[in-house]
Structure formats: structure tokens, C-alpha cells
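Notebook open, model loaded. I want to jot down what I look up as I go.

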Amino acid sequence: MSWGEGIASRFKPGDKVHVAARYPVRGHIRTPFYIRGKTGVVERICGQFHNPEELAFGKYDGPEKVLYRVRFDQKHVWPDYRGGPSDKVEIEIFEHWLEPAK
Amino acid sequence: MTHDPHDHAHDHAHGGDPHAPIKAKEPEGHYQLLADAVRELLIEKGYFTADEHRAFIERIDARTPALGAKIVARAWTDPKFRQRLLDDGKKGCAEMGVDVVVANLVVVENTPSVHNVIVCTLCSCYPVFVLGRPPDWYKSAAYRSRVVRDPRAVLREFGTDIAPEREVRVHDSTADMRYLVLPMRPKGTEGWSAERLEALVTRDTMVGVAECRLAS
């Protein structure tokens, strides 16, 4: 399988992306706090899925959202990171949480 | 009929009445009560029957790390299968008769330059359909918060030292994918059959908190 084949996505593997620094107080959000506001690189397109932020409130017929795997440098995510300089963390993030990074 | 009070297993203190009625020691917690109430409502409303629910739990409990070990051992001994598994974990598992159920399984391969480890920082997503139910530590707040923040220290606590020049790659299962680590095949196992190799592949090596070793 070629991941993301036939999916109209805003970003493609290798693109630099910025995670929105939004902090809504309510809702079922699958973007962890620790990664909001950070910049990473799209590793792959996972597919299209219903938005968990709607599913959690019983809305099952909303539009599907593109889901990405985004790779981040640990040294960037945690400024005082104690591991190696090439260590990474990879996270699944929905398209509406991503912006193009400069 | 004569009766020896100690011919059966029991969990009451010696000296007590072996036939005293079983009493709950404490009330069920909030979440247990909530889960029971939701289950009863779903059954009452006809979403599934009690027997279907029981059978589902039975099916999950029948899954064990032995399934994952079979998949890893095949990948070690069949390079074409290994490639298919890395390309599409769900299809690879299906070839081995394992239905992954979720959207897809991302198989991440350990190499001399990369070590992978899996976590779910938001809840406790786990590749149940290839490994069975997760161990308690995987669901603990300590593991979930620390392995993403300081993975090398957490791995050391599990007895796993990753060389400084190797990259540690943490996979946070935040949405629809599930993850399985394809561990490195230990040296000294050349020519082994897949069946013999399976014994080296444990649950923790497929989560990435340990590496496969020959028994010393």
C-alpha cells in the first residue's frame, strides 16, 4: 500500500508543519498539549477519518479529516531534553491542527 | 458426610466459617459503576446482547503476545513478508490470519541506528489484536508521561540501555493507528527456524521497552 494514495491532502510527506497553539477548554482533542505550537515534518499520510472532536459528542456524519504522522526533534519539543541529538517523537495529528511552517 | 474444611482453595482467614456468604469488601468504584450502567443500558436498548459482549471479551482475552511473536519471526525469516508488513501492517497481519480490526497497524523496525518505543500519552491505545491486553505499567500515568519526555531513562529502568549514537524514536498513538515494534533479530540465531525464533520475541520487545536476547 502506498500511504495516502488518492487522498486530497493539504500537506505531503516531507513538508514542514506547525501545530496550532490553540487551547480550547472543552472537547475531546487528540492533539497532546506538549506538541501544540511545535514544528515538525510530515512522515506519512495515515488516511482519512472522522473527527474525534465531533465523534465524542455523538456527531458521526461530519466530514472526514486527513490524519498525518508528524515527526518532531525531541530537542525542539523539550528544550531541556536529556537524550541524543537525533532522538524523535512521532505523533498522529489531524489536518485542521496543522499550518504550513515557514 | 465427613468434610475436611481444607480440601478446597479459599481466600478467607483460617479459623473462620468456610461456608460464610461471600461479601464484597468495599463498594465498586465510580468508573466500574459507570461502565456497568452503560453496558446494561446498551443491552437494554438492543445494541448488543449480554452474550455478544461476553464473547467479545473472550475473543480479546484469547489474543496474546504469541501472535505478535509469530509475525515478527516470520518477518525475520522471510524478507519479502518483512517488506509487506512494513508497507502495510494490517495486510501483513491478515496474511498470518490475524485480524487487526483498527484502521491500520504501523510496524516500526528497530535497526542498529534506530530504536522504537510505543506509548499512548492521551489514554492507553495499544495493539491489542496482536499483543492481547496491555500490562498495567503501559496504562500508568508515570509511563505515559515520562517515556515521551525522557525515554532513555525510562528504558534504563526496564533494563534497556540504548547506545548514545542510536536514535530513540517514540511513537505516540494519539489517533486511529496502532503500532508494533519489529525488534532486531539477535546475533547467533542464524539458520534458526521461525518456530525457534518465536520464543525470543516477548511482549516488551514488541512495545520497545526491551530488546530480544538469547537466553543466557
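Below are my entries, chain by chain and then some single residues.

**Ground rules.** I am working with a predicted model, where local features need pLDDT of at least 70, side-chain atom pairs count only at pLDDT 80 or more, and totals for chains, interfaces and linings use all residues. Residues are numbered from 1 along each chain as its sequence is written, and chains are lettered from A and ligands numbered from 1 in the order in which they are written.

**Chain A, overall.** I listed the secondary structure first, taking helices (H or I, at least four residues) and strands (E, at least two) as DSSP runs numbered from the N terminus. Chain A comes out with two helices and five strands, in the order β-β-α-β-α-β-β from the N terminus.

Then I looked at dimensions. The C-alpha trace of chain A spans about 45 × 35 × 25 Å along its principal axes.

For burial I call a residue buried if 20 or more other C-beta atoms lie within 10 Å of its own, exposed if 12 or fewer, and partly exposed in between, with C-beta atoms placed from the backbone. By that count 31% of the 102 residues of chain A are buried.

For contacts I use C-beta atoms, placed from the backbone, that lie within 7 Å. Taking contacts in chain A between residues at least 6 apart in sequence, 61% join residues at least 24 apart.

**Strand 4 of chain A.** I count two strands as paired if DSSP finds at least two bridges between them. Across the chain boundary, strand 4 of chain A runs parallel to strand 3 (residues 167-172) of chain B, with four bridges joining them. A:Val89 stands opposite B:Val170 there, and A:Lys88 has B:Arg169 as its bridge partner.

Within chain A, strand 4 pairs with strand 3 (residues 64-73) in the antiparallel sense over seven bridges.

Is strand 4 of chain A covered or in the open? Mostly covered, as seven of its seven residues are buried. I recalled that side chains in a regular strand alternate between the two faces of the sheet. Checking each side, I found A:Lys88, A:Glu90, A:Glu92 and A:Phe94 buried on one face and A:Val89, A:Ile91 and A:Ile93 buried on the other.

**Chain B, domains.** Chain B is divided into domain 1 (30-61) and domain 2 (65-207), with bounds from an automatic or database domain assignment. Their centres, taken over C-alpha atoms, are 30 Å apart.

**Helix 2 of chain B.** Helix 2 (residues 50-61) has its end C-alpha atoms 17 Å apart, which agrees with the 16 Å its twelve residues should span at 1.5 Å a residue. I took the expected span as 1.5 Å times one less than the number of residues. The number of buried residues in helix 2 of chain B is zero, so the helix lies largely in the open.

- B:Leu67 sits in helix 3 (residues 65-77) and counts as buried because it has 20 C-beta neighbours inside 10 Å. Not counting residues up to four places away in sequence, B:Leu67 touches B:Val98 and B:Val130. B:Val130 is 63 residues away in sequence but 5.6 Å away in space, C-alpha to C-alpha.
- B:Val101 is in the loop between helix 5 (89-95) and strand 1 (104-109). I noted a positive phi near 70° for B:Val101, a residue other than glycine. B:Val101 is exposed, with 12 other C-beta atoms within 10 Å.
- B:Glu195 lies in helix 10 (residues 194-198) and is exposed, with 10 other C-beta atoms within 10 Å.

Technical notes
Contact = placed C-beta atoms within 7 Å.
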